[in-house]
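Here is a briefing on charged side-chain pairs. Keep the sequence and the 3D view open while reading.

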Amino acid sequence: MSGQPKQIPVVDRERCVGSTSCIQIAPGVYDMGEDGYSEVIDPAGADEATVQRAIDYCPAQALRWA
Amino acid sequence: MGIDPRTSILDPEINQDPFPYFNAIREDQPLHWNERHRAWFVTRYEDVRNGLRDPGLSVDRVGPYFSRRVPDEQKEELRPAFDVLGNFLSFLPPPRHTRLRKIVQKAFTPKIVANQSELIDRVTAGLAASVTERLREGQTVDLVTEFARPLPARITAEMVHLDPSDIQLVEKWTQDLAMFMGGAVEASDRNDRIRRGVSSMTGYLEGVIRNYQGSADGDFVGALLAADDEGVKLTPLEILSTCVLVVFGGYRTTACSIANAARHLIENPDMAERLRQDDALVDSAIEEFMRYEGHARVVVRWAGQDTVIQGQRIPQGDRIFLIIAAANRDPRQFERPDELILDRAPNPHLGFGTGIHYCLGAPISRIEQRSALRAFLSGVPHLSKVEERLYWEELLTNRALKKLEVTLDPVTVG
């Protein structure tokens, strides 16, 4: 972490399948957009490990760090 | 220990408790050829997860069934029904799947889901009240038919604008359709029931679609009828198929999950008590029930091309069973997999699948399960099963209770 710019979570909306899995794991970071796909509402809404879990457990592999 | 390749998953003893069998395969022969089902059994978590995501494994169950299992003289009569089934999102590969799912996803927006949420709570409260009253009067209540099924029946009926007086049709239609979807044991009238179920369903739903006057906003059918951002529309058959799929997928699956959860809470009163004390555990408990004994047992795929699993080559055309029930208990992925741990986190179970075919209705199913679980917990605290034995449907793909009869625990009466 030291010296590196902080990573930002992003959602690939082409891949998202609206599972809401990330919203369950990191509700402060992700929310369901009006169109039924996940979106990032607060990149700093949870600690890095929680966001990483959301990324790891996304069933559509639609989440990553930017 | 050798594993008999002639074993049927629907063998009465295995159907009663399939986990020892699945666990043994997963540990001894993670890729196992079963002669009875003529399919490769894939049981380890990583393999099942990868299999669900593998575009090389075909999801089309309709084409092969129609060409091989429907006798030529019946083909013409059965074609319309199989055309409807063949347009289910769950059986389509990209790019058609991609185009369809994009539009159908609009029918599951938060607004539409939220519109259902209020109704869901109202329906569960009503069901719980009537069940509680009857139990207090000393009656026996079947929680499958009187609690677990009516909720998703009502919600799916609402989504596709069934007249409330026709709700019983949901049960009838899906019973017939389960003959195909669930891989029922060879029933002699199987094809006939599939045809009957689908044509009765499509007849009704065609009327609903034709007469739909509402807006696209906040309504499932309206959203299906509307075009996407680029002006692309679903074909009439795609709209119809999607409505049929939602009725089928939205009803029985969620009903199974609710019944399975209720069963575990009756058998483990300490867990029920813990959930009553700590409502925050309800969400993780639902995921854990789905992992431990979810409704999804087997997902059927076939090798669209030569495929390698566990270092072995599977030739194109072979059937593959991705055994969700085995993967969800894989000790390589889950600690103490054969225990129900209500606050298990994270819990990346495969009960809703994974990849592009991940369950479209998962958000609504979760709301229904939550609502049902809370209503159940706030009802009568001490229930007993009338019989120790459980009765399971004879379906390959699903773990579904036929009935769950309960009475008020005699100790607490008065």
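B:Arg193 is buried in this predicted model. Its relative accessible area is 18%, which falls below the 20% cut-off for buried. B:Arg193 forms a salt bridge with B:Asp176. Over all chains, the salt bridges number 36.

**Helix H11 to helix H10**
- The closest N and O atoms of B:Arg193 and B:Asp176 are 2.8 Å apart.
- B:Arg193 sits in helix H11 (residues 190–211) and B:Asp176 in helix H10, both of chain B, so the pair ties together parts 17 residues apart in sequence.
- B:Asp176 is also buried, at 5% relative accessibility.

**Helix H10 to the H8–H9 loop**
- B:Glu171 forms a salt bridge with B:Arg149, with the closest N and O atoms 3.6 Å apart.
- B:Glu171 belongs to helix H10 (residues 168–181), and B:Arg149 to the loop between helix H8 (143–148) and helix H9 (150–159), so this bridge links parts of chain B that are 22 residues apart in sequence.
- B:Glu171 is partly exposed, at 22% relative accessibility.
- B:Arg149 is buried, with a relative accessible area of 13%.

**B:Asp4 and B:Arg6**
- B:Asp4 pairs with B:Arg6 in a salt bridge, the closest N and O atoms being 3.1 Å apart.
- B:Asp4 is partly exposed, at 32% relative accessibility.
- B:Arg6 is exposed, with a relative accessible area of 55%.

**A network**
- Salt bridges link B:Arg263, B:Glu267, B:Glu293, B:Lys385, B:Glu388 and B:Arg399 in a network.

**Background**
- Oppositely charged side chains can pair when their charged atoms come close.

Note on methods:
Residues are numbered from 1 along each chain as its sequence is written. Chains are lettered from A and ligands numbered from 1 in the order in which they are written. This is a predicted model: local features need pLDDT of at least 70, side-chain atom pairs count only at pLDDT 80 or more; totals for chains, interfaces and linings use all residues. Side-chain values use heavy atoms; hydrogens and water are left out. A salt bridge is a side-chain nitrogen of Lys or Arg within 4 Å of a carboxyl oxygen of Asp or Glu. Buried means under 20% relative accessible area, exposed over 50%, partly exposed in between (1.4 Å probe, protein chains only). Helices (H or I, at least four residues) and strands (E, at least two) are DSSP runs, numbered from the N terminus.
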